[in-house]
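Please examine the sequence and the structure shown below before reading on.

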Amino acid sequence: MPRTWSSPQRPAEHAERSLVTAILDGTFPPRSKLPAERELAVQLGVTRPTLREAIQRLGRDGWITVRQGKQTTVNDYWRQGGLNLLDSLVRHSEYLPPSFIADLLDVRRHLAPGYFRTASERSPDALLELLDGRDELLETPQAFAEFDWRLHHGASVASGNPIYTLILNGFVTSYEQLAALYFATAANRLRSARFYVDLEGAVRGGDVVVVERIVLEMMTESIDRWEDTIGSSPETVLTPVRGGG
């Protein structure tokens, strides 16, 4: 039976989002070919130029491979996709594997000690400025989530390695959602508040090894706390975000 497509609001975004959904739900599985441009445009209810725009975006992000004069191929996106896929995947959380959140947190566990250590070596004053607002931090999940994001993002910038920042930026949608849930638990807010104090002390002391150790311990502990207090099912934890991709 032919797939039923919803009518577009923003045509290019509609086409892109619909194709991503079709890839994730198996309508167009990895290594399959997309229908011819004319046929696919009719199915999606968009013009061919609009479809081409959506196809270009999907090719850029690694969902598909586009070759001139040949049918477009759906990629094995877990192996061939780029960082931009993270945002799209969070928007389709019902299709994520159970290990997605644990894997995401594990990536942070490996990255964060590196950019905090380098930032404390290169720009300790910038780190201290980021930590300066912790005393006025409101006792709310949203306030902690926003502070924690600014701290990690700012530390990645202060490290002087822009790749850290680009990687973190790929996590921003999922980070915001996960952090708000994590900090909904008072014990997690209290533990992070102690972490901020310990981190500030290590930065002021100029001991980059201690900075790295404190961050690694906190990132490791936060994974355990997440699993104990929230769980790890993406479908129940992450809220699909409506919009492009």
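The model is predicted, so local features need pLDDT of at least 70 and side-chain atom pairs count only at pLDDT 80 or more, while totals for chains, interfaces and linings use all residues. Residues are numbered from 1 along each chain as its sequence is written, and side-chain values use heavy atoms, with hydrogens and water left out.

Two packed helices are described by the angle between their axes and the distance between the axes. Here axes are lines fitted to C-alpha atoms, for helices over the stretch in contact, and angles run from 0 to 180 degrees between N-to-C directions. Helices (H or I, at least four residues) and strands (E, at least two) are DSSP runs, numbered from the N terminus. Angles under 35 degrees count as roughly parallel, over 145 as roughly antiparallel, 65 to 115 as roughly perpendicular and the rest as oblique.

The contact (heavy atoms within 4.5 Å) involves P11, A12, E13, A15, E16, L19 and V20 of α1, together with T50, L51, E53, A54, I55, R57, L58 and D61 of α3. By class, this contact has 9 nonpolar, 1 polar and 5 charged residues. In this division Ala, Val, Leu, Ile, Met, Phe, Trp, Tyr, Cys and Pro count as nonpolar, Asp, Glu, Lys and Arg as charged, and the others, Gly among them, as polar.

Helix α7 (residues 124–131) and helix α8 (residues 141–158) pack at about 170°, with axes 10 Å apart. These two helices are therefore roughly antiparallel to each other. On the α7 side the contact is made by A126, L127, L130 and L131, and on the α8 side by F147, R150, L151, G154, A155 and A158.

Helix α10 (residues 172–182) and helix α12 (residues 208–229) cross at roughly 70°, and their axes come within 11 Å. Helix α10 is therefore roughly perpendicular to α12. Here L178, L181 and Y182 in α10 meet M218, S222, R225 and W226 in α12.

Space in the model is searched on a 1 Å grid over the protein atoms alone: a cavity is a set of points where a 1.4 Å probe fits but cannot get out, a pocket is an open set with protein on both sides within 12 Å along at least five of seven lines, and lining residues have an atom within 4 Å of a point. The largest pocket has a volume of about 350 Å³. Among the 15 residues that line this pocket, the closest to its centre are E37, I55, V66, K70 and T72. The largest share of the lining, 3 residues, comes from α3.

How many cavities of 30 Å³ or more does a search of the whole structure find? The search finds 1. The largest cavity holds about 250 Å³ of space. Of its 18 lining residues, L105, R108, D148, Y175 and A179 are the closest to its centre. The lining comprises 13 nonpolar, 3 polar and 2 charged residues.

How values were computed: Grid points are joined across faces, edges and corners, and a volume is the space filled by probe spheres set on the points.
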